[in-house]
Amino acid sequence: MRINYSPYQIKPLTFKAHSDSALLYDLINPAPKLQLPDVDKFEKITDFAKNNEIVSEPHSDFYKNPNMLASSYFRRGDLLGENPYFKDIINVFSSIFNPQNDVKKSMLIVGIGSSQEPFSYLATIKELIKNKKLTDKLDLQTVDLQAKPTKQNLRNCSHYSGYWSNEPEFAKSSFVTYAQIYDNIVLKKGFRVNDEIFNYLYKTYNNPQKSKWATRIQEEIKNYKNETFDTISINNVLGYITNDDEYYETIRNLPRIVKHEGYIIADDMCEHEFKKLDINLTKICYGIFKKH
Ligand SMILES: C[S@@+](CC[C@H](N)C(=O)[O-])C[C@H]1O[C@@H](n2cnc3c(N)ncnc32)[C@H](O)[C@@H]1O
């Protein structure tokens with residue numbers, strides 16, 4: 001029996017009524033004008049000019065299912081180090097990426113959501129390879145059912161507000177501080193991935209050999225040769241494959257295209273599915289499997 005897997009739902013916004021006394025307080029005490037923060041880089045992100053990039057229509061499967069919209073609101077590795085799940089990812093990447101080893105490693109990300117997950121991964125890998133370039137150490141490929149995001153969309157999700165506004169616990173060097181300023185008022189401040197990381201992902205997304213847009217993984221996965229990737233990430237994607245045959249065929253192909261000693265970063269329920277399909281992988285921890 002297939003596990004009943006429900007993709008993440010968007011919670012409706014709730015508004016609290018403002019009490020009369022609080023309203024009176026706000027009227028008597030207007031908020032003081034904020035001072036510019038002491039940050040090493042200021043960016044005026046007040047120019048919301050229309051992006052002229054041509055984007056193909058999203059695959060129709062994507063918007064048919066309203067739950068798909070939830071993809072923008074969830075990502076594994078959200079807090080870059082504060083979340084115990086992400087510590088497992090850091091361990092996986094530490095065993096793959098070593099600044100002394102000059103062999104380029106390959107990674108496939110299936111289902112990029114709003115790109116927070118790729119940015120989290122790249123920030124981590126960059127921290128591990130230190131002063132080596134991402135282009136020299138990583139061959140990244142992506143597959144997603146959605147259309148290629150615009151540069152502006154990508155820029156928006158490269159920003160990280162921090163955990164309680166603190167800088168990321170891990171991969172500090174992968175971030176620069178920023179402030180969103182309007183007329184000398186700070187609207188928002190936080191962190192964003194550095195330019196090397198941003199440009200690396202942007203170039204990957206724009207390279208049709210590396211990023212397949214409006215593409216269903218259940219079809220694309222058959223085209224990869226055996227043992228192509230050092231690691232595959234496929235979080236919160238399998239649940240969207242509604243056809244059972246396609247679903248199981250995709251799961252069956254995952255260990256085929258990962259190298260020996262490589263990893264599959266997937267949903268926890270894959271443990272059950274791998275067993276059911278008689279696929280022998282080592283469970284490293286929640287949702288992470290190693291091929292021997
Ligand atoms: C819930 S999001 C998950 C995003 C990210 N992996 C995460 O965990 O934060 C699902 C993503 O999978 C993509 N997707 C859904 N079905 C797919 C399919 N059959 N083939 C490829 N991508 C798919 C969606 O477009 C979306 O980007």
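I looked up Glu227 first: it is partly exposed, with 14 other C-beta atoms within 10 Å. My cut-offs: a residue is buried if 20 or more other C-beta atoms lie within 10 Å of its own, exposed if 12 or fewer, and partly exposed in between, with C-beta atoms placed from the backbone. This is a predicted model, so local features need pLDDT of at least 70 and side-chain atom pairs count only at pLDDT 80 or more, while totals for chains, interfaces and linings use all residues. Residues are numbered from 1 along each chain as its sequence is written.

Where is Glu227 found? I found Glu227 in the loop between α8 (217–220) and β7 (229–234). For these labels, helices (H or I, at least four residues) and strands (E, at least two) are DSSP runs, numbered from the N terminus. Glu227 isn't a glycine, yet it has a positive phi of about 50 degrees. I noted that because most residues other than glycine have a negative phi.

Asn236 sits in the loop between β7 and α9 (244–257). Is Asn236 buried or exposed? I have Asn236 down as buried, with 20 other C-beta atoms within 10 Å.

**Strand β1 and its partners**

Next I went to strand β1 (residues 105–110). Five of its six residues are buried, so β1 is largely enclosed by the rest of the structure. Which strand does β1 join through six bridges? That's β2, and the two run parallel. My rule for pairing is that DSSP finds at least two bridges between the strands. I wrote down one partner in β2: Met107 is bridged to Leu140. β1 and β7 also run parallel, joined by three bridges. In β7, Ser233 is the bridge partner of Ile109.

**Thr142**

I stayed in strand β2 for Thr142. Thr142 is buried, with 23 other C-beta atoms within 10 Å. Ile109 is 33 residues away from Thr142 along the chain, but their C-alpha atoms are separated by 4.7 Å. I listed what Thr142 touches, not counting residues up to four places away in sequence: Ile109, Ile112, Pro118, Thr204, Lys210 and Ser211. I count a contact if the two C-beta atoms, placed from the backbone, lie within 7 Å.

**Helix α7**

Thr204 sent me to helix α7 (residues 195–205), where the buried residues are Ile197, Tyr200, Leu201, Thr204 and Tyr205. They cover an arc of only 130 degrees around the axis, which puts them on the same side of α7. The arc is that of the directions from the helix axis to the C-beta atoms. What covers them? My list includes α4, α5 (134–137), β2 (138–143), α6 (151–156), β5 (185–193) and β6 (211–212).

**The core**

I then looked up the largest nonpolar core, which has 48 residues. Such a core is a set of buried Ala, Val, Leu, Ile, Met, Phe, Trp, Tyr and Cys residues joined through C-beta atoms within 7 Å. Val110, Leu122, Ile232, Ile264 and Ile265 have the most contacts inside this core. Helix α4 (residues 116–129) gives the largest share of the core, six residues. I picked Ile232 and, leaving aside neighbours within four places in sequence, found it in contact with Leu108, Val110, Leu254, Ile257, Val258, Ile264 and Ile265.

**Whole chain**

Last, I noted that the protein chain has ten helices and ten strands. Of its 292 residues, 31% count as buried.
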